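Please report on the fold below. Keep it brief, and cover the backbone, the packing and the confidence of the model.

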Amino acid sequence: MSEPGGIRASDAEREAVVEQLRVASVEGRLTLGELTERTEAAYSAVTRAELDVITSDLPAAGQAPAPAYAPAPEHRGGRARRWFVAVMGDSKRRGKWRIDGELGAVAVMGDVVLDLREAEVRTGVVDIAATAVMGDVKIIVPDGVDVELEGVAIMGDKKVEVLEAPPGANVPLIRVKAFVLMGDVKVIGDARAGRTKKAWAAWREQWRELRGELTGEPYRRLPPPAPHWEAHSGHGAHGWAHGEQALRPPQPPPPPQAPLPPEPPRPPER
């Protein structure tokens, strides 16, 4: 008989793990990027052992009741938002932060950047009202989320450049309502913005090892951190070229070339 962990997972078991991940995100245990990554792994899992690894550092389902999301009193009317405003300047929000309500972004002859990848999202849906008047609003999300972008663009652009999840997947939803006048509102993903440096997670290594055993492919550990010269170069390909040149042994000088024969004398002009 096969081991319990080697039994193939059912669709219902995958959906149960995805719901457990969603609850962990609402509790503040996972960032939006981590939630998206693990959700993608859960849908691609083949065995129960792979599903167990994905949730190995989270409370078991039903062990701790998930707190229902209760907005603050000023949010109950559905009007109050957390605003990011740039008038002839810049407003940027990156790194670790919490999203527990609706967001607003206004760029008037300026730029607003909202990076949601490392944010703790306490709601199932992130609602953003974006206004760009001769300015730009850029919203960065992890690839694999669903994005809904609607609104009006007058002499401007509103676009989505995100690798979204397959239809029917229970993934986070980013909903943007845009008003654009001679500006831009863009929602872009990792592939477009450049991936963030992921924190080391034991589950990821173990999950990849299980996948290697299942597919028969040789398991290879994740690559080590970039060398010192590449980490400080600021340009991936450019830094690699300089590092490769620095590590290359000196080449011998080319052999001397034979001197060219002298030109024959020219006949005197008449």
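Met109 sits in the loop between β4 (103-108) and β5 (111-115); helices (H or I, at least four residues) and strands (E, at least two) are DSSP runs, numbered from the N terminus. Met109 has a positive phi of about 55° although it is not a glycine. Most residues other than glycine have a negative phi. At 45% relative accessibility, Met109 is partly exposed. The burial classes are buried (under 20% relative accessible area), exposed (over 50%) and partly exposed (in between), with a 1.4 Å probe and protein chains only.

Met155 also has a positive phi of about 55°, and it is not a glycine. Met155 belongs to the loop between β9 (146-154) and β10. With a relative accessible area of 66%, Met155 is exposed.

This is a predicted model, in which local features need pLDDT of at least 70 and side-chain atom pairs count only at pLDDT 80 or more, while totals for chains, interfaces and linings use all residues. Residues are numbered from 1 along each chain as its sequence is written, and side-chain values use heavy atoms, with hydrogens and water left out.

**Overall make-up**

The chain comes to 7 helices and 12 strands. Of its 270 residues, 34% are buried. Contact here means heavy atoms within 4.5 Å. Among contacts between residues at least 6 apart in sequence, 67% join residues at least 24 apart.

**Helix pair**

Two packed helices are described by the angle between their axes and the distance between the axes. Helix α1 (residues 11-26) and helix α2 (residues 32-44) have axes that come within 9 Å and cross at roughly 170°. Axes are lines fitted to C-alpha atoms, for helices over the stretch in contact, and angles run from 0 to 180 degrees between N-to-C directions. The two helices are therefore roughly antiparallel, a term for angles over 145 degrees. From α1, the contact takes in Arg14, Glu15, Val17, Val18, Leu21, Arg22 and Ser25; from α2, Leu35, Arg38, Thr39, Ala42 and Tyr43. These residues divide into 6 nonpolar, 2 polar and 4 charged. In this scheme Ala, Val, Leu, Ile, Met, Phe, Trp, Tyr, Cys and Pro are nonpolar, Asp, Glu, Lys and Arg are charged, and the others, Gly among them, are polar.

Leu35 is found in helix α2. At 7% relative accessibility, Leu35 is buried. Leaving aside neighbours within four places in sequence, Leu35 is in contact with Leu21, Arg22, Ser25, Leu30 and Pro172.

**Cores**

What is a nonpolar core? It is a set of buried Ala, Val, Leu, Ile, Met, Phe, Trp, Tyr and Cys residues joined through side-chain atoms within 4.5 Å. The largest has 29 residues, of which Leu103, Leu116, Val137 and Ile174 touch the most other members. Apart from it lies another core, of 17 residues, including Leu21, Ala41, Ala42 and Leu51.

Not counting residues up to four places away in sequence, Leu103 touches Arg81, Arg82, Phe84, Trp97, Leu114, Leu116, Val126, Asp127, Ile128 and Ala129. Ala129 is in strand β7 (residues 125-133). With the same exclusion, Ala129 touches Arg81, Leu103, Gly104, Ala105 and Lys177.

**Other sites**

Val162 lies in the loop between β10 (157-161) and β11 (173-181). Val162 is buried, with a relative accessible area of 13%. Beyond four places in sequence, Val162 touches Val141, Pro142, Asp143, Val145, Val147, Val187, Ile188 and Gly189.

Lys138 is in strand β8 (residues 136-140). Lys138 is partly exposed, with a relative accessible area of 36%. Beyond four places in sequence, Lys138 touches Val112, Val113, Leu114, Lys186 and Ile188.

The table pairs residues by sequence separation and C-alpha distance.

| Pair | Apart in sequence | C-alpha to C-alpha |
|---|---|---|
| Val162 and Ile140 | 22 residues | 9.0 Å |
| Lys138 and Asp115 | 23 residues | 8.3 Å |
| Ala129 and Arg81 | 48 residues | 8.9 Å |
| Leu35 and Val145 | 110 residues | 9.7 Å |

**Confidence**

pLDDT is the predictor's confidence in each residue, from 0 to 100. The chain has a mean pLDDT of 78, and 70% of its residues reach 70 or more. Over residues 68-77 the pLDDT is below 50, and this stretch has 10 contacts beyond near neighbours in sequence. Residues 222-250 also stay under 50, with 12 contacts beyond four places in sequence. Where pLDDT is low, the predicted coordinates should not be read in detail.

Note on methods: Parallel < 35°, antiparallel > 145°, perpendicular 65-115°, else oblique.
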